[in-house]
Structures are given as C-alpha cells and as structure tokens.
Amino acid sequence: MAEDSIAVVDLEKCQPDRCNYECANFCPPNRTGKECIITRNERYEEDEVYQGTDDQIWISEELCLGESCGICVEKCPFDAIQILNLPQELDEEPIHRYGENSFALYGLPAPEEGRVTGILGPNGIGKTTAVRILADELAPNLGEVGDEPDWSEVLEEYRGTALQEYLEAMREGDVTVARKPQYVDQIPDQFDGPTSALLEQTDERGALDELIDRLGIRPVVDQHIDTLSGGELQRVALAATLARDADFYFLDEITPYLDISQRMTAARLVRELAEEENRSMLVVEHDLAILDLIADAIHVAYGQAGAFGIITPPKSVKNGINEYLSGYLENENMRIRETEIEFEEHAPRSNTTGQSLVEYPALEKSYGEGEFSLSVESGTIHEGEVLGVVGPNGIGKSTFAQMLAGRLEPDEGEVDSRLDIAYKPQYIEIDQPMRVDAFLSTITDDFGSSFWKTEIAQPLQLDAIMEQNLTDLSGGERQRVAIAACLSEDADLYLLDEPSAHLDVEQRVLATSAIRRYAENNDATAMVIDHDIYMIDLLSDRLLVFEGEPAERGRAAEPQGMREGMNDFLSNLDITFRRDERTSRPRINKPGSQLDREQKNAGEYYYAP
C-alpha cells in the first residue's frame, strides 16, 4: 500500500462465521499468492498481543493496493473494512495507533498557559484520545503497535514545537492535570455515595464553596449522586474538576444537558479562571456559540470516524470555526467535507396556521408541598407544525412532555387520550443486548423500505451501526437510534426531548434536517425540546417558552411566534444573539458589548432584524 493509506478492520463488525472470506478470496494480491488478507490467527500465531477471535481478518498495509482497489471493502457484507487514503499533505507518523488495522491519531493540540484552547471536530475522530494523551492517561506509541512507547522518540517528534516543553514536563512528573469526563451520566456507575463526598475529595484549592454557588448546585450537594439529573451531574463534574489544584485542566464537553443560561455561566467561569488565575484550559466542545465565546484559539480535528483523525495546528477562533463549517481548511489546503454546513439567513418562518391537532387545556402538576409545581396555560398544537420548546433546566418542560405523552397524570386538566404520541425521552437508557437493525425492525413494518431508508436511516447515518449491539453504542449513536425509533412510529405527534445531546456539529445538522424534512414530507407534527439555539431556530415554526424558578415552580403561556417567543426567552436570560456575517451562524454577543447594548435597547434579543 502507498505510504499515505491505511487499512482499518472493525472487529465488532467482522463476522467470519457468517461469510466465506469474500474479502480474501477476491483480493488481487491474494490471488497472486501473496498473504495480503489472512486470519489474525495466521498473522499472530501464538502471540497473545492481538485482540479478537482467531478467525477474524488482518490486512497487510504493505501489500494492500490501497483505496484505488477497494475490492475487499465492497465484498465485505458487514462493512467491517475501510481502506483509506491519508491526506497527501500529511508528512508525520501517527502519535498513537490502537493496534494493527485500528484507529490512528495524527497530531496533538497544544495547551497554553493561562489560555483556553478549544478542539472542534466530529465524534469518533480522536479528540478524547488526544486529551487522554495530554492528561497522561494514555502513552503514545507513534504507531508502533505492540511495543512499549519510547518517550525519547515521542519528544524528538515534537522537538522545536509548542508541545515539546509540555510533554517533557508531563513525562518528568512536573505537570499536574485535572480532566472532566465526556459522559457525565456514567459518574453514578463509578461513584456511589452523596454528592458532597465526591466534591470534598477534589477540593484542593479551598474554592469549592464558591464553585458550588457559581454553578448553582448547592441544592443537590446533600443528595445521593445517582439521584441527580444530567444537568446537575454536568455541573457537579465541572465543579469537581475545577476544584482541583492542577497546572492544566482538560474539559471534555461542558454543555450537554445544560440550558443556555447554565452554559453561559460555565463558559464565563472557565474564562475567568484562565484570565484572572492564569489557569490553562483545553476544552472539547460542539456548541459553536459557547466555543466562540470561551476559547482563545482552536484546533480543528478531521479525518474518518473510527479510522483516523488529524488535529491541525492552532487557528484563530473565528477562522477555525468558519473553515470547519465551510469544509475547507485554508492553511492545510484540505477539503474535509464535500458540502458546507449552512445556516438559515432569515428567521423565523412565518407562523403556522394549519388546523388544530390538539387543544390541550390548562394543566397543573405538583410533586407535593414544598416541591416543584408546574402551571401550563391552555394552547393549541397545529397539524404539520414543529413546535419548539425552550426554558431553563428544572422548569417543567419534560414534565409537560410526559403529561402530553400520557406517562404522567396532571393534577388538573386532562390531555386527549386519543392522541397517539411517539416519545423520545431526555435520558436514553438502553440495556437490551439487541442489534440496532433488530431493534428498529420491531418498531415499524417499513423498516428497510426505500421510504424508511430515505426519510430516516440515511439522514441519521444509521447504516454504519445497524449491526452493532445497542449496549455497545456511544452516546451520540444512541441518540441517533432513539431519534430514528421515535420517527419510525406511526403517530399523531412526535415528541423529542433534547435530541441534540451528545451529537457533534455535523450530526446535529443532519438530525435537525431529518426531523424537519420528515415533518414537511409527511405532514407530521412534532414538538422538540432542546437547548441548542441553532436546532430550535432551524426546526421551529412556533415556540413554547417556560419560565419561573428552576426546581421550585414553572409556568408556560400559550405558544408564540418565533421572534416574540425568543425575545421573551432570551430577555429573561439577559443574552443577545447575532449572526456571523460570513456564515450566518448564531453567535452570542459579548455581554456589555456595543451590539449587545444596542439590541437590548431595541428589545431585539433574537437577532437584529
């Protein structure tokens, strides 16, 4: 194979007991007597280093003819093989490879003292791998699989770069790090006890009380960790990380499960600690508005998910985000995506005036004296519309959704029980040892039809994970399967609670387009609860705004037009949005800036008209 190509075999998908080794039988080098594709047992014989079953395949990257051949890729019935050309401009060895025919990472971000460095890129591209290397949790092997890493070679690889000093200090133990994990919903599986105990064991700077108050988690400090919501876990994890006395802080996604106000609070806190206390932060994030606000510079990560990832040198925040959205990296002269990620230039859509699907009455729900209570005014959901739902966490949005879906009985008011609702809950719990395709086929008779593939499977990029078990899916993969399961049902109303959680920028665009197109093409009605302004902006015809005191009381008036609703919502948060002049993407105005003041004075918090 050419030096600029790699072969990747997904051992989760490779199922030789269900095929006849078509990949090996039709491989041109194999047909000439060479051993390009053989079993892993033949490759390693009695070597215990390899992982996988004896009869799964191994591909020689030296003998493989590369992507221009691709016969084994086409012949594999389980899509287990990728033969990929690396960018011609890439002139370095991988910093780490997980095994032969496995994922390879090229390049590392460079954390800088007293600054916030961002990483932007798709899921499965190596961002967390890079963080683990920099946090001294994974020893880089420079692609030499099976060998103990030689740190002198690693340091030589980065000699003369900004990373050299950091890696040397890390290797000598002169650098301390603190890392916030990506999936905070897994914290209760790793820690059993009161939240206070988790926080107290991380308080190395004596600043825990201030962090607890800034992040608004005082009410949950005495609760058991497994009773916390996703947003509470996210803020607890951030407080626990920032309470440590470290030289570098690695924050792997700080916005999932947080509402806009909480995201702003977290972003401001991280920026203040960097600027006022000279702390060094590296943040992996998919919320472009927050990344734009928080970072001093960003690295763009690109490549092929599950196969290889490349991390660029640092770029200015504005240029880096805009280049990523355009799909073309200027300094690298590299096209990373065939199409540009586009944002609507004109919002909102005109109000939907279709016939009524359901007229729900005034609803009341209380969880007991001194507990949370919700009051919702009567309203109408129109046929064929997408109704966006916004509001702080803990304000009753999910409670309202569950009452509509018949999963929760209101204290006052009665929802039309004849309404057939497909419901995707906020938190996705999957414990069935079942393949994705088998699971989805139990939901609809249309599974596998051209209609289902076009309307649901392709927009949500499900083909690559159809044969995986549900329990093996990542958070983003679970989210896409849950959205597909919801849209696959035959329903009057499709109710999706936080469909953007754990999705990267591209996946959010695709999921948004899938939901909107499904509603338009099938005259379907949907209600979407989310904190991603772009998703709400692109999806919604009207808006239902919740307000009140989180965890105490919530209320919602009837649905409004987009501009009226967003102005009400954002004015409560004291946040204004503008559109980027080049890409039209939503951007948060810097608090107190001239544009922020002008929009507030004009009462236009939701983009100046």
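User: Which strand pairs with E22 over five bridges, and in what sense?

Analyst: Two strands pair if DSSP finds at least two bridges between them. Strands (E, at least two residues) and helices (H or I, at least four) are DSSP runs, numbered from the N terminus. Here, strand E21 (residues 493–497) pairs with E22 in the parallel sense over five bridges. Within that pairing, Leu493 has Thr525 of E22 as its bridge partner. This is a predicted model: local features need pLDDT of at least 70, side-chain atom pairs count only at pLDDT 80 or more, and totals for chains, interfaces and linings use all residues. Residues are numbered from 1 along each chain as its sequence is written, and side-chain values use heavy atoms, with hydrogens and water left out.

User: How many bridges link E19 and E22?

Analyst: Strand E19 (residues 386–390) pairs with E22 over four bridges, in the parallel sense. Look at Gly388: its bridge partner in E22 is Val528.

User: Why is E22 described as largely enclosed by the rest of the structure?

Analyst: Start with the cut-offs. Buried means under 20% relative accessible area, exposed means over 50%, and partly exposed is in between (1.4 Å probe, protein chains only). Strand E22 (residues 525–529) has five of its five residues buried, so the rest of the structure largely encloses it.

User: Which residues sit on each side of E22?

Analyst: In a regular strand the side chains alternate between the two faces of the sheet. In E22, one side holds Thr525, Met527 and Ile529. The other holds Ala526 and Val528. All of these are buried, so both faces are covered.

User: What is the strand order in the open sheet of eight strands?

Analyst: Read the order as E5-E6-E12-E11-E7-E10-E9-E8, with mixed pairing. The edge strands, E5 and strand E8 (177–180), each pair on one side only.

User: Which strands pair with E10 in the parallel sense?

Analyst: One is strand E7 (residues 116–120), over four bridges. There, Gly118 has Val283 of E10 as its bridge partner. Another is strand E9 (residues 248–252), joined to E10 by five bridges. Phe250 stands opposite Leu282 in E10.

User: How many residues of E10 are buried?

Analyst: Five of the five residues in strand E10 (residues 280–284) are buried. Ser280, Leu282 and Val284 lie on one side, with Met281 and Val283 on the other.

User: What should I notice about phi at Tyr257?

Analyst: Most residues other than glycine have a negative phi. Tyr257 is not a glycine, yet its phi is positive, about 75°. Tyr257 sits in the loop between E9 and helix H12 (260–277). Its relative accessible area is 5%, so Tyr257 is buried.

User: Where is His502, and what is its phi?

Analyst: His502 lies in the loop between E21 and helix H19 (505–521). Its phi is positive too, near 70°. His502 has a relative accessible area of 7%, so it counts as buried.

User: Is Glu92 buried or partly exposed, and where does it lie?

Analyst: Glu92 has 31% relative accessibility, so it counts as partly exposed. Glu92 lies in the loop between strand E4 (81–85) and strand E5 (96–97).
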